[in-house]
Amino acid sequence: MKKESFHKLITLVAAVGLLGVAPHARSGEDTKEPEAKDMEEAMDLMSGSLKRLRRLRRDPDRWTKSAALVAEGSQIVIASMKWIPKEIEELPEGPEKIRALADSRRLMGLTLAGYAELELAFLAQDEEKAEETLDKLKEIKAESHEKYNKGE
Ligand code: HEM
């Protein structure tokens with residue numbers, strides 16, 4: 001190939017990349033997770049991925065499959081971070097609302113960290129750590145719902 005044509009090819013490849021036509025994955029993860037239309041649906045999907053873990057207990061490929069399921073669940077947690085709980089949205093503008101917004105972000109962040117810890121526990125085939133992390137996630141869920149999903 002002539003030097004000039006080669007440069008044209010490189011420019012074209014770079015332009016395609018800049019336009020975002022090239023395939024890319026978010027955070028290096030698989031992106032086959034289902035899309036939720038609102039917070040309620042995202043929460044259902046999050047909870048569903050944790051429930052499906054129980055069914056994998058007797059699967060010979062349990063550790064790998066559980067880790068993959070939790071990685072998928074993490075993507076749903078990330079997606080649910082864009083919604084604001086209705087109970088917070090309805091608060092009058094002011095310091096209480098600002099505090100609640102920060103607190104619910106904190107709880108969502110802890111949930112995401114919990115999912116990552118759980119994935120790591122499955123990758124390490126560490127049953128005790130997995131159980132401990134699931135208990136921690138239940139506590140975070142209980143605190144979050146007590147504060148921001150009182151109608152539960
Ligand atoms: C492991 C963590 C969590 C699990 C498994 C979980 C699970 C669920 C489930 C099953 C629902 C009911 C959805 C329905 O009505 O069909 C729900 C609703 C809800 N959750 Fe969570 N949740 C978690 C963490 C959180 C966190 C961290 C927050 C906020 C900081 C939160 C806030 C809410 C709110 C506001 C609703 C009501 C949504 C609506 O109806 O608009 N949850 N959650």
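**Two helices side by side**

Tutor: Start with the contacts: S104, L107, L110, T111, G114, E117, L118, A121 and F122 in α5 meet K129, A130, T133, L134, K136, L137, I140, E143, S144 and Y148 in α6. Being in contact means that two C-beta atoms, placed from the backbone, lie within 7 Å. These residues divide into 10 nonpolar, five polar and four charged. Ala, Val, Leu, Ile, Met, Phe, Trp, Tyr, Cys and Pro count as nonpolar, Asp, Glu, Lys and Arg as charged, and the others, Gly among them, as polar. This is a predicted model, where local features need pLDDT of at least 70, side-chain atom pairs count only at pLDDT 80 or more, and totals for chains, interfaces and linings use all residues. Numbering starts from 1 along each chain as its sequence is written.

Student: At what angle do the axes of α5 and α6 cross?

Tutor: Two packed helices are described by the angle between their axes and the distance between the axes. Here the axes of α5 (residues 95-123) and α6 (residues 127-148) cross at roughly 165° and come within 9 Å. That makes α5 roughly antiparallel to α6, a term for angles over 145 degrees. Axes are lines fitted to C-alpha atoms, for helices over the stretch in contact, with angles from 0 to 180 degrees between N-to-C directions.

Student: How many helices and strands are in the protein?

Tutor: There are six helices and zero strands; both are DSSP runs numbered from the N terminus, helices (H or I) of at least four residues and strands (E) of at least two.

Notes
Angles under 35 degrees count as roughly parallel, over 145 as roughly antiparallel, 65 to 115 as roughly perpendicular and the rest as oblique.
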